[in-house]
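Me: Got a model open here and I'd like to talk through it. Can you start with what a pocket is?

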Amino acid sequence: VFSEPFTNAHTWVHRLDARVRTGIAFVFSCVLAVATSSQQAAFGLIAACLLLISSRPPWRPLLRRLAAVNIFLLFLWLTVPWSTPGPAAFHIGPLACTLPGLHLACLITLKANALTLLLLALVATMPLAHFAHALHALRVPGKFVFLLLFTYRSIFLLADEWQRLNMALRLHNFVPASNLHSYRTLGTLVGLTLVRSIDRAGRIHQAMLLRGFSGSFFSLAEFRFTRLDTCFVLAASSMLILYFLFL
């Protein structure tokens, strides 16, 4: 269901401590989210690009993710510049494209792409289990980490049940069409998927209780802060200082 194509490389970014990557991603995401000028957003975008290039991502999954983000941003460009009050940059018939609207759309585009590239470089380059253990090590509430891990696991559970039932339909020569029979069949398929997934989740919970599960999350992951992590933290801190001093 969810592939992790950015975790397969072996670069210095992948060797960083998961806690360091998670912490730096959080700090820089907050800084970029509140940026008010295009220069700040462009600086963040350049830094995120350099970091992502260092992680050597596969290009096809990267382009798919960037396309998903920028298709959404395209709708903003079709509405924000034309609906924001201010002096007009140009007119197309009765519609006026305003300078504040263009600035706002450009700022949102730069920030969205910078945040996407930053998270792809620092967070998507680690398996989700490592990310959850890093959150636990950073004192994120255990219930949140527990919910994240089991939500991720449950998505695969739903997908597995859906594929089984869908295969059974195909073995019975079911061909979906725009008719009442197909709608009823697909509705039954969705309902059976949920019912069977809930039943399977109950069996998993009973198995966990038999193994002594008490509702608390305990992480056995061990993290080591190395010289590479120290250098990365110093470099990130220097860029953060430059961000606030000169932009």
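This is a predicted model: local features need pLDDT of at least 70, side-chain atom pairs count only at pLDDT 80 or more; totals for chains, interfaces and linings use all residues.

Me: OK, how much space lies in the second largest pocket?

Reply: About 300 Å³.

Me: And which residues lie nearest its centre?

Reply: Phe-28, Ala-47, Ala-48, Leu-51 and Met-239, out of 19 residues that line the second largest pocket. Helix 1 (18-33), helix 2 (38-54) and helix 8 (227-246) are the elements that each give two or more residues to that lining.

Me: Which helix gives the most?

Reply: Helix 2, with seven residues.

Me: What's the lining like, in terms of nonpolar, polar and charged?

Reply: It has 17 nonpolar residues, two polar and no charged.

Me: Switching to helix 6. What should it span, going by its residues?

Reply: Helix 6 runs over residues 142-171, and at 1.5 Å a residue its 30 residues should span 44 Å. The end C-alpha atoms are 44 Å apart, so that agrees.

Me: Which of its residues are buried?

Reply: In helix 6, Val-145, Leu-149, Leu-157, Ala-159, Glu-161, Leu-165 and Leu-169 are buried. They pack against helix 5 (128-137) and helix 7 (180-210).

Me: What comes just after helix 6?

Reply: Asn-173, which takes a positive phi of about 65°.

Terms used: Residues are numbered from 1 along each chain as its sequence is written. Side-chain values use heavy atoms; hydrogens and water are left out. On a 1 Å grid over the protein atoms alone, a cavity is a set of points where a 1.4 Å probe fits but cannot get out, and a pocket is an open set with protein on both sides within 12 Å along at least five of seven lines; lining residues have an atom within 4 Å of a point. Grid points are joined across faces, edges and corners, and a volume is the space filled by probe spheres set on the points. Helices (H or I, at least four residues) and strands (E, at least two) are DSSP runs, numbered from the N terminus. Ala, Val, Leu, Ile, Met, Phe, Trp, Tyr, Cys and Pro count as nonpolar, Asp, Glu, Lys and Arg as charged, and the others, Gly among them, as polar. The expected span of a helix is 1.5 Å times one less than its number of residues. Buried means under 20% relative accessible area, exposed over 50%, partly exposed in between (1.4 Å probe, protein chains only). Contact means heavy atoms within 4.5 Å.
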